[in-house]
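Hi,

Here is the structure I promised to send over. Have a look at it first, and then read on for what turned up in it.

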Amino acid sequence: MTVSWLGKEDTNLTDKLAAEMPGILNWALEGLARLQRIGWITDPPSSQEAVITMQDTASPTSAFIRERCTVGAACEVPVDTLWAVWREWAEDNGVRAVGTKQMFGRNLLSVVPQLHRARPRDAYGRQVPTYTGITLTPSDRR
């Protein structure tokens with residue numbers, strides 16, 4: 001809610017709500033019918049920003065992915081490249097617990113379940129630890 005009623009409480013609210021009870025019941029039944037029809041609770045557009053803020057607070061990794069990455073089956077990025085960009089992003093965004101490369105990998109997997117690690121060979125025949133299922137957005141690639 002964007003308005004605080006602290007100190008401005010309506011002591012007659014119970015009586016006012018009792019008078020509106022038939023309308024409240026009809027509104028609730030309409031919501032139940034919509035839930036049964038489509039199978040999920042719809043989020044109003046006004047709550048989308050708050051949901052993203054809560055997700056970002058709980059998981060800075062999800063904010064990083066949303067801002068700096070692309071997710072998809074054909075995507076791939078070397079582990080060390082993504083780790084370096086994550087550390088830079090985390091520092092710029094005040095993330096206190098940057099963690100280790102392994103912790104970052106676990107956090108990535110919790111946000112991108114289809115993520116995999118591979119070790120393809122580079123042009124010199126060396127195996128390069130690589131994430132498949134994610135890459136950096138074009139402006140972040142090095």
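Trp86 and Phe104 are both buried in this predicted model. Their ring centres lie 5.1 Å apart with the planes at 15°, so this pair counts as stacked. Trp86 belongs to helix α5 (residues 79-92) and Phe104 to helix α6, so the pair ties together parts that are 18 residues apart in sequence.

Phe104 has another aromatic partner, Phe64, and this pair is edge-to-face, with 6.0 Å from centre to centre and 65° between the planes. Here the link joins distant parts of the chain, since Phe64 sits in helix α4 and Phe104 in helix α6, 40 residues apart. Phe64 is buried, as is Phe104. If you colour the aromatic residues, look for a cluster: ring pairs link Phe64, Trp83, Trp86, Trp89 and Phe104. The count of aromatic pairs comes to 6.

The two helices that carry Phe64 and Phe104 are worth a look as well. The axes of α4 (residues 60-68) and α6 (residues 101-111) come within 9 Å and cross at roughly 70°, and the two helices are therefore roughly perpendicular to each other. On the α4 side, the contact is made by Thr61, Ser62, Phe64 and Ile65; on the α6 side, by Phe104, Asn107, Leu108 and Val111. Sorted by class, that contact has 5 nonpolar residues, 3 polar ones and no charged ones.

Now for the sheet. It is open and has 3 strands in the order β1-β3-β2, with antiparallel pairing. β1 (69-78) and β2 (116-118) are at the edges with a single partner strand each, so one side of each has no neighbour in the sheet. From one strand to the next, the twist averages 70°. The antiparallel pairing of β1 with β3 (residues 130-136) runs over 6 bridges, and Pro78 stands opposite Thr130 in β3. Helix α4 comes back into the picture here: α4 packs on the sheet, touching β1 and β3, and its direction makes about 95° with that of β1.

Leaving aside residues up to four places away in sequence, Pro129 touches Pro78, Val79, Arg117, Ala118 and Arg119. Pro129 and Ala73 are 17 Å apart in space, C-alpha to C-alpha, and 56 residues apart in sequence.

Technical notes:
Residues are numbered from 1 along each chain as its sequence is written. This is a predicted model: local features need pLDDT of at least 70, side-chain atom pairs count only at pLDDT 80 or more; totals for chains, interfaces and linings use all residues. Side-chain values use heavy atoms; hydrogens and water are left out. Axes are lines fitted to C-alpha atoms, for helices over the stretch in contact, and angles run from 0 to 180 degrees between N-to-C directions. Helices (H or I, at least four residues) and strands (E, at least two) are DSSP runs, numbered from the N terminus. Angles under 35 degrees count as roughly parallel, over 145 as roughly antiparallel, 65 to 115 as roughly perpendicular and the rest as oblique. Contact means heavy atoms within 4.5 Å. Ala, Val, Leu, Ile, Met, Phe, Trp, Tyr, Cys and Pro count as nonpolar, Asp, Glu, Lys and Arg as charged, and the others, Gly among them, as polar. Two strands pair if DSSP finds at least two bridges between them. Rings of Phe, Tyr and Trp (its six-membered ring) pair if their centres lie within 6.5 Å; planes under 30 degrees apart count as stacked, over 60 as edge-to-face and the rest as tilted. Buried means under 20% relative accessible area, exposed over 50%, partly exposed in between (1.4 Å probe, protein chains only).
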